[in-house]
Structures are given as C-alpha cells and as structure tokens.
Amino acid sequence: MSLSLVLLLSSMGLLLTGLVGIMAKKHLLRIALAFTLASTGVNILLVWTGYLAGRKAPIIDASIEEIATVAVVDPVPQALVLTSIVIGVAVSALLVVVAVLTSRELGTADVRRMRNLKW
Amino acid sequence: MRTFIAFLLALYLVFFAAAAFESFGEPQGLGRIAEHYAAEGFEEVGAINLVTAVVVTYRGLDTLGEVSVLFTAASAVILLLSVFPLGKPANKPSSIVLLTMKVLPGPILLFGGYIIAHGHLTPGGGFPGGAVVASAALLVLLGCTQEVGFAKWLTFAESMAGFSFAMLGFWGLLKLGQFLNNSVLFLGIPGQLLSAGIIPLISAAIGVKVASELSGILVAYRCGGGKE
C-alpha cells in the first residue's frame, strides 16, 4: 500500500467520521470534537494533493543532489495547511466557548433539548 | 437509525470529494508556481526551507490576512468570556501539575524560541513555535489558582507583533517598491542562522503574535482577569 493511498484513505476516514459526528451526535462538545476531526481530514487531504512519491521534503540542503524541481514535493499545499491548522485551532476555541456558554444559558448541552430555534 | 442516515449522507459527500480529487489524477510533477519556488526560491529569498519561504515572503500578504483571522477569532473568544465569565476554576491542581509548572515552562519556552528562530532552516517557524510557546502558558494556567501576572502583557505583545509584521512589509514597499520584499536586509549565506533577509524577523513577529493570541484564549478560559 503506497503512502499516497494511506494519506488519501486516512483523510477520507477522518472527514467521514467528522461529518457523521457533526450530524448524528447530540452533545455540543462531541460536535465540536467531530468538527476538529473533519478539519484534520481536510488538512491531510490538502497535504496529499502536494505529495509526490519518492521525493523529499521541500528543504534545499545538502541531501538534495539533483535539481530541486525534480527532487522535492510541492511546498504550496504544505504552506496552506500550516495556516489552516492555526485557523482551525482558533475556530475550535471559539466553537467550544460558544458551546459552553450556550449549555450554561440553556441548562443543557443536549441539542435535542434546545428547542428555542425550532418552529 | 439517525447515525445510519448521517453516515449515508456523509459517505455521499465524501464520495464526491474523492471522485473530484481522483479526476485530477496522480500529480506528475510540480505545478508552475511550485516549480518557480523550488527552482528560484533558494536564490531569491535565501531560505532553504521552501515552505517558510512561501508562507512568509511569497504569500506573506495572505499570512498577514490569516493572522488577522486568528486575531478576530481570539478577540471573539476573549470578548465572549469577558462578558460571560466562566468563574474561578473549581478543582485544585494536583501536586504533579504544581511541580511540573515550576520546572517545565523554561525548557518549553526555549524549545519554542528555537523553532521560531530556525524557521527558515528546518520545519518550523512562527506558527508551530508560537503554539509551542503557548503550551508553556497552558501548563502554567493548569496549575493556577488566581489571576496570572502575564495576562495583561499579552495584548501589548500581540499588537506590537502585528504592527511590526506590517511595518516589515512597508519597509520593503518604501525601499524597493514591493510590499514584503525580502531583499531589504542582507540575504546572507543560505543555511546559516543569520540569513534569508527579513524571514527570521517576520517569523519572530508571527511567533510572538500566535503565542500571545493562543495564550490569550487560554487565559480567557482560566485565571483571566475578567469580571468575577
């Protein structure tokens, strides 16, 4: 099994788990956890798009013997993922705060019992 | 039943995502932009770590925007928690936490500083290094019983870091007519610690900013000033 396939399968698995969790779980913190799982899956998917089998990390040091353009993987998705991870942390922090404050306001963290917005 | 329906729905979405990515086919080489970065990046910006070169200089403007997104999220958290404070931590920290919070923050800060300073040489840079530094703040906050002293410096550090990132960009604009131009400082010998123009400086600014924002979020959760 190639590394590329492992990356793709694990990203799809995480994305699937996260989406199911967001839709089916009832506790707000579990939904927040599922959200972070899904965003990890998306990050791995982005890294996979820049992966080229048999190439090295995009750091041009003495271990790169050929011309760099045929020796390293794509640095652009990795740079994108670097920022995406940090944004993910900040967004999940905000999500957890909203979840905590909502559950305190309504006296429950169970989404089935939050009926204020239902018509 | 509900989980099963959710699973089918999610499988449907993921299947289409997989099919879309499959239609790209296996990538055969670098794209045109990535090829330019790989071929010229070493000469142009003097950084051996191409990821940092892309994050900090080539797409530095995006990083500036991304840092503002982080700032917005952090201020939303801090605003919400200062209006609706969570109150004092209920449980007392254990003796293990109390001991490690006296011993470990120093080494953690040193390691975070090392990651930030070597961003243009090894995998790392401002974002991961800042997160490592914030983990030292997390350790201190786990063991705190009252308001921590460094909380009031976080806003100051955060705004100074953001300001200096923007100013380093304008330095390039004034001197060479290009925002965030990396050649305003000497490029040095690639691979050395003092090289790669303004990349180490911007890495340091991003590191301070990320560290103070993440610690600001953590302080808002626990042991912040706030209105009790």
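Reader: Why are α8(B) and α9(B) called roughly antiparallel to each other?

Author: In this predicted model, helix α8 (residues 151–176) of chain B packs against α9(B) at an angle of about 150°, with the axes 8 Å apart. Angles under 35 degrees count as roughly parallel, over 145 as roughly antiparallel, 65 to 115 as roughly perpendicular and the rest as oblique. The pair is therefore roughly antiparallel. Axes are lines fitted to C-alpha atoms, for helices over the stretch in contact, and angles run from 0 to 180 degrees between N-to-C directions. Helices are DSSP runs (H or I, at least four residues), numbered from the N terminus.

Reader: Which residues make the contact of α8(B) with α9(B)?

Author: With contact meaning heavy atoms within 4.5 Å, α8(B) contributes residues including Leu154(B), Phe165(B) and Leu168(B), and α9(B) residues including Leu201(B), Ile206(B) and Val219(B). The contact residues divide into 12 nonpolar, five polar and three charged. Here Ala, Val, Leu, Ile, Met, Phe, Trp, Tyr, Cys and Pro count as nonpolar, Asp, Glu, Lys and Arg as charged, and the others, Gly among them, as polar.

Reader: What makes α2(B) and α3(B) roughly perpendicular?

Author: Helix α2 (residues 32–45) of chain B and helix α3 (residues 50–58) of chain B pack at an angle of about 70°, their axes 10 Å apart. That value belongs to the perpendicular class, so the two helices are roughly perpendicular to each other. Tyr37(B) and Val45(B) of α2(B) are among the contact residues, as are Leu50(B) and Tyr58(B) of α3(B). By class, this contact has seven nonpolar, two polar and two charged residues.

Reader: How many cavities of 30 Å³ or more does the structure hold?

Author: It holds one, and about 50 Å³ of space lies in the largest cavity. A cavity is a set of points on a 1 Å grid over the protein atoms alone where a 1.4 Å probe fits but cannot get out, and lining residues have an atom within 4 Å of a point. Leu82(A), Phe127(B) and Ile206(B) are among the lining residues. The lining divides into six nonpolar, five polar and no charged residues.

Reader: How are residues and chains labelled, and which parts of the model count?

Author: Residues are numbered from 1 along each chain as its sequence is written, and chains are lettered from A and ligands numbered from 1 in the order in which they are written. Local features need pLDDT of at least 70, side-chain atom pairs count only at pLDDT 80 or more, and totals for chains, interfaces and linings use all residues, while side-chain values use heavy atoms, with hydrogens and water left out.

Methods. On a 1 Å grid over the protein atoms alone, a cavity is a set of points where a 1.4 Å probe fits but cannot get out, and a pocket is an open set with protein on both sides within 12 Å along at least five of seven lines; lining residues have an atom within 4 Å of a point. Grid points are joined across faces, edges and corners, and a volume is the space filled by probe spheres set on the points.
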